[in-house]
Amino acid sequence: MVSETHVPTVLRMSDDAPMLNVTGRDDAESAALLLTTMHGLHKQLGDFTTQLYIAYDFGDESGLAPAILIEKHAAGPELRIRHCFGFFAEGDSDVSELRFSAGVAITSAGCIVEAMVDVDLERPLGEFGADVHTLYFERIDQLSLSDALSRLDEQVTALCTMGDVPNRLGFDTR
């Protein structure tokens, strides 16, 4: 028996308003699976990044901003979780960022999952010069929705093993 996951299709109701066409039970189950999985992964990544924020001294005016982003692209919709540390390098008035993110895009060719850790430094910090540096990146495409969500789970687990990143940036533990 062949099992197939149906990805809800995107319909254009107008030029500005794409929406999921959830017309049947399979569509509803796929949408529910997508949303509940992303919610759980957002919580998992949030627990990890909160632990990092507590463990390291990112500075007095630093912050941690978790977000769930929904974007429309020409190829299809994307749902992404992002946890961003904002901080100031010593003597700098511009905000630098450390970002942990993972997401899934739904396209006509299948789902694409992508996970990344990157840092955007306004000044040199730790072992990194001023610039955008990608510390981890993985992208896999042409997946069914269930395979994409399973792989995304693995990617978020990999992100949550990167507890040494603040140390590599030169931040002291509390």
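Biologist: Which residues do ring pairs link into a cluster?

Modeller: Ring pairs join Phe-48, Tyr-53, Tyr-56, Phe-58, Phe-85, Phe-87, Phe-100 and Phe-171 into a cluster. This is a predicted model, in which local features need pLDDT of at least 70, side-chain atom pairs count only at pLDDT 80 or more, and totals for chains, interfaces and linings use all residues. Residues are numbered from 1 along each chain as its sequence is written, and side-chain values use heavy atoms, with hydrogens and water left out.

Biologist: How many aromatic pairs does the structure hold, and why is the pair of Tyr-56 and Phe-58 called edge-to-face?

Modeller: The structure holds nine aromatic pairs. In the pair of Tyr-56 and Phe-58, the ring centres are 6.5 Å apart and the planes stand at 65°, so the pair is edge-to-face. The rule is that rings of Phe, Tyr and Trp (its six-membered ring) pair if their centres lie within 6.5 Å, with planes under 30 degrees apart counted as stacked, over 60 as edge-to-face and the rest as tilted.

Biologist: What makes the aromatic pair of Phe-58 and Phe-87 tilted, and which parts does the pair tie together?

Modeller: The planes of Phe-58 and Phe-87 are 45° apart, with 6.2 Å from centre to centre, and the pair is tilted. Phe-58 lies in the loop between α1 (25-55) and β3 (63-73), whereas Phe-87 belongs to strand β4 (residues 76-88), so the pair ties together parts that are 29 residues apart in sequence.

Biologist: How do you know whether Tyr-56, Phe-58 and Phe-87 are buried or exposed?

Modeller: The test is relative accessible area, where under 20% is buried, over 50% is exposed and anything in between is partly exposed (1.4 Å probe, protein chains only). Tyr-56 has 10% and is therefore buried; Phe-58, with 2%, is buried as well, and so is Phe-87, with 1%.

Biologist: In what order do the strands of the open sheet stand, and what makes β3 and β7 the edge strands?

Modeller: The open sheet has five strands in the order β3-β4-β5-β6-β7, with antiparallel pairing. β3 and β7 are its edge strands, and each pairs on one side only, while the twist averages 10° from one strand to the next. Two strands are said to pair if DSSP finds at least two bridges between them. Eleven bridges join the antiparallel β3 and β4, where Leu-64 has Phe-85 in β4 as its bridge partner. β4 and β5 also pair in the antiparallel sense, over eleven bridges.

Biologist: Why is strand β5 (residues 95-107) described as largely enclosed?

Modeller: Eleven of its 13 residues are buried, so β5 is largely enclosed by the rest of the structure. On the β6 side, eleven bridges join β5 to strand β6 (residues 110-121) in antiparallel fashion, and a hairpin leads from β5 to β6 through two residues.

Biologist: Is Arg-99 buried or exposed, and what does its side chain make a polar contact with?

Modeller: Arg-99, which is found in strand β5, has a relative accessible area of 14% and is therefore buried. Its side chain makes a polar contact of 2.6 Å with the side chain of Glu-97, and that distance meets the rule of a pair of N or O atoms within 3.5 Å (within protein, one must be able to donate a hydrogen and the other to accept it, and residues adjacent in sequence count only if both atoms are side-chain atoms). Arg-99 also stands opposite Asp-118 in β6. Leaving aside neighbours within four places in sequence, the residues in contact with Arg-99 include Arg-82, Cys-84, Asp-118 and Val-132, where contact means heavy atoms within 4.5 Å.

Conventions. Helices (H or I, at least four residues) and strands (E, at least two) are DSSP runs, numbered from the N terminus. Axes are lines fitted to C-alpha atoms, for helices over the stretch in contact, and angles run from 0 to 180 degrees between N-to-C directions.
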